[in-house]
Amino acid sequence: NEAWLINLIWYLGAFCMSMTLIGIMLNRKMFILTGLGQRTLQVYILHRPIRDLCQYFGLYELITPGSKVGLLLIIAFSVLLTLVLGSESVNRIFTPLKAAPDSLLKKLGGL
């Protein structure tokens, strides 16, 4: 079975694209990406409950496999969700959580 080889090629391709993107963006401020990249904690924490809610309400069954329109809708929803979760207003809610490890270390005497 050659499935492992196909997966390896996909992973290598994704790695090359990622490294190219990082190389292009290195030491540059990119309008939305720079701010969004600094606010990934809330995206990381909140994407799973949102994904589970979508599954619970059967939203995944509404998308027909192989549907180009369905794929575009999922991509658009994902981008929109990332922008909303990475917004400054959601970031303000998570600021105390981000500061918690440093605060705890200070209270413990700087271990």
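**Entry 1**

I note at once that the model is predicted: local features need pLDDT of at least 70, side-chain atom pairs count only at pLDDT 80 or more, and totals for chains, interfaces and linings use all residues. Residues are numbered from 1 along each chain as its sequence is written, and side-chain values use heavy atoms, with hydrogens and water left out.

I then looked up salt bridges, defined as a side-chain nitrogen of Lys or Arg within 4 Å of a carboxyl oxygen of Asp or Glu. The count by this rule is two. Asp52 forms one with Arg48, at 3.4 Å from N to O. Another joins Arg51 to Asp52, with an N to O distance of 2.9 Å. I record Arg48, Arg51 and Asp52 as linked in a network of salt bridges.

Where do Asp52 and Arg48 stand in helix 3? They are four residues apart in this helix, which covers residues 41–56, and so are separated by about one helical turn. Arg48 is partly exposed, at a relative accessible area of 46%, and Arg51 counts as partly exposed at 36%.

**Entry 2. Asn91**

Is Asn91 buried or exposed? I found Asn91 to be buried, at 9% relative accessibility. Which residues is Asn91 in contact with, leaving aside its neighbours within four places in sequence? They are Arg39, Gln42 and Lys98, where contact means heavy atoms within 4.5 Å.

**Entry 3. The whole protein**

The secondary structure consists of five helices and zero strands, and the order from the N terminus is α-α-α-α-α. Helices (H or I, at least four residues) and strands (E, at least two) are DSSP runs, numbered from the N terminus.

The protein has 111 residues, of which 12% count as buried. I looked up its contacts between residues at least 6 apart in sequence, and 76% of these join residues at least 24 apart. The accessible surface comes to about 9,500 Å², and 72% of that surface belongs to carbon and sulfur atoms. Accessible areas come from the Shrake-Rupley method with a 1.4 Å probe; for residues, only the protein chains shown count as cover.

Note on methods
Buried < 20%, exposed > 50% of the residue type's maximum accessible area, 1.4 Å probe, protein only.
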